[in-house]
Amino acid sequence: MRPRQHPPLQQDRGIISVPGQPKSKKRKTPGKGLTVPTSIRTETPTDVDAITCVHDRAFGQPNEGCLIKALRERDDFDPRLSIVAEDSGAIIGHILFTPIQIESEDESYDALALAPMAVIPERQRQGIGSLLITHGLDTCRTLDHSAVIVLGHEDYYPRFGFQRASRYGIKPPFEVPDKSFMVLPLTPNALAGVGGIVRYPPPFNAV
Ligand SMILES: CC(C)(COP(=O)(O)OP(=O)(O)OC[C@H]1O[C@@H](n2cnc3c(N)ncnc32)[C@H](O)[C@@H]1OP(=O)(O)O)[C@@H](O)C(=O)NCCC(=O)NCCS
């Protein structure tokens, strides 16, 4: 596979800058009414250990942190799609969008998988995961990606526009409940004529 060159996103003091989006947000947390000052930005090389720690703590196991390490070794890893939530200098959340393919009998389509994502336990349910997803999807659009697949909670991801992937003829490569396997086209016609089985990169097999 040919290594891809990734020009940096426009950045200002490390805070991600997406057209139409504020550089940082003070946000009312859903359900709790607290204000959370959180910066959302692309990862830097010094964030790597803290990102692993976020996943270790959120999942209570090392698998997802190891997965991210393995994905970093791949030519198609794009650090612009590795986004952190930072509060008072500490990394408290992380989201990664990983290149995948949707393969039909005679065609292969490039897309992304939203995976993995984590927020440290004591900061969950304060809207930080939602901030990461919203900023992350904006970044995916800015970088001209076409669609994002997610395997996750059926009550959570539809609020960001995800729909059952089966509606588009897109299938998982393993047995999962239909309602948990979702896709979001990033432009209106992004999935026209697209269908097939999602192929995750090999490091996912170990999780
Ligand atoms: C999933 C996760 C990243 C969400 O982050 P968050 O900051 O708590 O998310 P938000 O505050 O924006 O939203 C909270 C919502 O997440 C929902 N949710 C999504 N996935 C969930 C999951 N796997 N388990 C529990 N709740 C989940 C909750 O139902 C809650 O819904 P509510 O707003 O109706 O109460 C966080 O709970 C986490 O790190 N969980 C452990 C790791 C994980 O399961 N990652 C996702 C799979 S890769």
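Student: What pLDDT does the chain average, and what share of the residues score at least 70?
Tutor: The chain averages a pLDDT of 87, and 82% of the residues score at least 70. pLDDT is the predictor's confidence in each residue, from 0 to 100. This is a predicted model: local features need pLDDT of at least 70, side-chain atom pairs count only at pLDDT 80 or more, and totals for chains, interfaces and linings use all residues. Residues are numbered from 1 along each chain as its sequence is written.
Student: Where is the pLDDT below 50?
Tutor: Over residues 1-5, and over residues 10-34. Beyond near neighbours in sequence, residues 1-5 have 5 contacts in the model, and residues 10-34 have 44. Two residues are in contact if their C-beta atoms, placed from the backbone, lie within 7 Å.
Student: How many helices and strands are there?
Tutor: The chain has 3 helices and 12 strands. Those are DSSP runs, numbered from the N terminus: helices are H or I, at least four residues, and strands are E, at least two.
Student: At what angle do α1 and α2 pack?
Tutor: About 150°, with their axes 7 Å apart. Axes are lines fitted to C-alpha atoms, for helices over the stretch in contact, and angles run from 0 to 180 degrees between N-to-C directions. The two helices, α1 and α2, are therefore roughly antiparallel to each other; the cut-off for that is over 145 degrees.
Student: Which residues meet there?
Tutor: From α1, Ile51, Thr52, His55, Asp56 and Phe59; from α2, Asn63, Glu64, Gly65 and Ile68.
Student: New topic. Which residues come nearest the ligand?
Tutor: Gln124, Gly129, Ser130, His153 and Tyr156, of the 20 residues around the ligand. A residue counts as near if its C-beta atom, placed from the backbone, lies within 6 Å of the molecule.
Student: Which element gives the largest share of that shell?
Tutor: β7, with 5 residues. α1 (48-59), β7 (108-119) and α3 (128-142) each supply at least two.
Student: Last one: is leucine 191 buried or exposed?
Tutor: Buried, because 23 other C-beta atoms lie within 10 Å. The cut-offs are 20 or more for buried, 12 or fewer for exposed, and partly exposed in between, with C-beta atoms placed from the backbone. Leucine 191 lies in the loop between β11 (181-185) and β12 (196-199).
Student: What does leucine 191 contact, leaving aside neighbours within four places in sequence?
Tutor: Ala147, Tyr168 and Pro185. The C-alpha atoms of leucine 191 and tyrosine 168 are separated by 7.3 Å, though the two are 23 residues apart along the chain.

Definitions and conventions:
Parallel < 35°, antiparallel > 145°, perpendicular 65-115°, else oblique.
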